[in-house]
Amino acid sequence: MSDEVKIDAPAETPAPQPEPDYYGQILRLKAEFENYRKRVDREKPDWYRMGAAGVLAKLLPLYDLLRHAHQEVQAGHADTPLAKGMEAIFREYEKLFKEEGVTEMDTLGKAFDPHYHEALGFVHKPGIDEGAVADVLQAGFMLGDKVLRTAKVRLQKAEIKSTEA
């Protein structure tokens, strides 16, 4: 018998793994963090505005009640201490709204826009175009260029013309 000598073929050694690029990873991580920081700095004013918008929106019903009470007091008791106190409170609200950039929408007679108006019915008033805002039931407000609260309005109804033969 022959002695066969088995010669093991050299085992394939895996290709050496390149060393991890820790410096490159650190640079990318630093760049990502800088981008995050810049984005947060850009978004901070928006977060403030959104928070302020929420508070201001909650103040609007109180403002509506105050305005109604102010009009009633001015109509009947304009020279009383109550009227002067109401006037001072009303001025403070207006000052706060002006400082925060809140403005009342001018909607009467304007074309209906569902982004700014909430239609609650129809009414007929002379001198107003069909489909335009004929009556404002609750004022709408803007915060800068964004709608804080839509105006609740009634629209001009089309005039029905009867044809007599």
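Reader: Which residues does His117 touch, leaving out those up to four places away in sequence?
Author: This is a predicted model, where local features need pLDDT of at least 70, side-chain atom pairs count only at pLDDT 80 or more, and totals for chains, interfaces and linings use all residues. Residues are numbered from 1 along each chain as its sequence is written, and side-chain values use heavy atoms, with hydrogens and water left out. A contact here means heavy atoms within 4.5 Å. On that basis, His117 touches Thr107, Ala111, Phe112, Val133, Thr150, Ala151 and Val153.

Reader: Is His117 buried or exposed?
Author: His117 sits in strand β2, residues 117-123 (strands are DSSP runs of E, at least two residues, and helices are runs of H or I, at least four, numbered from the N terminus). Buried means under 20% relative accessible area, exposed over 50%, and partly exposed in between, using a 1.4 Å probe and protein chains only. With 8% relative accessibility, His117 therefore counts as buried.

Reader: How are the helices α1 and α2 oriented to each other?
Author: Helix α1 covers residues 22-76 and helix α2 residues 81-100; they pack at about 155 degrees, with axes 10 Å apart. Axes are lines fitted to C-alpha atoms, for helices over the stretch in contact, and angles run from 0 to 180 degrees between N-to-C directions. Angles under 35 degrees count as roughly parallel, over 145 as roughly antiparallel, 65 to 115 as roughly perpendicular and the rest as oblique. So α1 and α2 are roughly antiparallel.

Reader: How far apart in space are Leu60 and Phe97?
Author: Leu60 lies in helix α1, and its relative accessible area of 0% is why Leu60 counts as buried. Not counting residues up to four places away in sequence, Leu60 touches Phe97, Phe141, Leu148 and Arg149. Leu60 and Phe97 are 37 residues apart in sequence, and their C-alpha to C-alpha distance is 9.9 Å.
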